Amino acid sequence: MKKKTDIGQNNKLKKNVRRIRLGVHRNRHNRAKVDRHLRALYDEIVKEGTPDRFARLLKQLERPQDEEEST
Amino acid sequence: MMTSVQTIQAEMLTAIPSLRAFAISLCGNVDFADDLVQETLCRALKHLHSFQPGTNLNAWLFTILRNLFRSDYRKRRREVGDADGHYAERLCAQPEQDDKIQFGEMLAALQRLQPDQREALILIATAGCSYQEVAKICNCPVGTIKSRVNRARMRLAELLEIDGPEDFGPGHALRAVHVTN
């Protein structure tokens with residue numbers, strides 16, 4: 001009688017451990033996936049390069065900064 | 001002295017695409033983001049003397065942009081939360097996007113994160129910063145950054161219905177079926 005409940009509890013425990021392991025695995029997997037999707041977006045934006053307005057801006061500012069106040 | 005200033009300016013030019021990517025992910029709107037980038041560059045050039053050569057220029061620029069975004073600049077401009085759908089569509093117009101989460105969806109989901117968590121996640125997951133660098137940028141302990149990033153990832157996974165080992169959660173699978181039909 002005792003043995004049976006022991007086995008039952010043991011099985012339950014094993015099941016829980018498996019569930020937790022699966023959960024941890026799944027969480028890790030999901031987090032990696034979030035990062036991957038986020039990076040895809042980021043990379044896509046980076047690929048757009050530098051819009052003209054910034055290149056122009058920096059070129060303007062490249063000149064000796066004697067007209068600092070005018071901009 | 002002059003040459004070092006010029007090198008920093010040249011480096012700044014190469015940093016702009018990442019700076020934009022950070023700004024757009026952060027505020028979800030391309031026009032707002034580009035204004036932020038411009039303001040960041042102006043400030044950086046004005047305070048060039050406070051940059052220590054040899055340290056990470058990108059991290060320095062991210063710090064300026066992040067502080068600008070958090071300051072009254074955000075309030076002065078426009079309310080956050082309006083992810084730029086048109087811009088996302090433009091990005092999405094490229095092929096081989098079918099197995100990815102739509103960029104618009106991602107931008108919108110990012111806007112629903114708490115700002116603290118959002119900035120930490122973007123900096124860690126995409127901008128290639130270390131936890132130490134992000135802690136410095138956000139002016140808080142490394143442990144705080146770690147837990148923010150963790151919470152941000154879990155929340156994003158929830159919002160995007162990312163779950164389980166298959167590429168999409170049930171929501172996405174269903175949506176994909178509707179789209180293809």
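Guide: What follows is a set of questions about labels and the values behind them.

Guide: This is a predicted model, in which local features need pLDDT of at least 70 and side-chain atom pairs count only at pLDDT 80 or more, while totals for chains, interfaces and linings use all residues. Residues are numbered from 1 along each chain as its sequence is written, chains are lettered from A and ligands numbered from 1 in the order in which they are written, and side-chain values use heavy atoms, with hydrogens and water left out.

Visitor: What secondary structure does chain B have?
Guide: Chain B has 10 helices and zero strands. Helices are DSSP runs of H or I with at least four residues, strands are runs of E with at least two, and numbering starts at the N terminus.

Visitor: How much of chain B is buried?
Guide: Of the 181 residues in chain B, 48% are buried. Buried means under 20% relative accessible area, exposed means over 50%, and partly exposed lies in between (1.4 Å probe, protein chains only).

Visitor: What makes helix α7 of chain B mostly covered?
Guide: Nine of the 11 residues in helix α7 (residues 115-125) of chain B are buried. Among them are B:R118, B:E119 and B:L121.

Visitor: Why is B:E119 called buried?
Guide: B:E119 has 1% relative accessibility, so the residue counts as buried.

Visitor: How do you know that B:R66 and B:E119 form a salt bridge?
Guide: A salt bridge is a side-chain nitrogen of Lys or Arg within 4 Å of a carboxyl oxygen of Asp or Glu. For B:R66 and B:E119 the N to O value is 3.2 Å, so the pair meets that criterion. B:R66 lies in helix α3 (residues 57-70) of chain B and B:E119 in helix α7 of chain B, so the pair ties together parts that are 53 residues apart in sequence. B:R66 is also buried, because its relative accessible area is 7%. Both residues belong to a network of salt bridges that includes B:R70, B:D116 and B:R148.

Visitor: Where does the salt bridge between A:E48 and B:R20 run?
Guide: The closest N and O atoms of A:E48 and B:R20 are 3.1 Å apart. The pair crosses between chains, from the loop between α1 and α2 (52-62) of chain A to helix α1 (residues 2-27) of chain B.

Visitor: Are A:E48 and B:R20 buried, or partly exposed?
Guide: A:E48 has a relative accessible area of 32%, so A:E48 is partly exposed. B:R20 stands at 3%, so B:R20 counts as buried.

Visitor: Where do B:E39 and B:R43 lie?
Guide: Both are in helix α2 (residues 30-46) of chain B, four residues apart, about one turn of the helix. B:E39 is partly exposed because its relative accessible area is 27%, and B:R43 is partly exposed because its value is 39%.

Visitor: How many salt bridges does the structure hold?
Guide: Over all chains, 11.

Visitor: Why is A:R18 called exposed?
Guide: A:R18 has 54% relative accessibility, so A:R18 counts as exposed. A:R18 lies in helix α1 (residues 2-47) of chain A.
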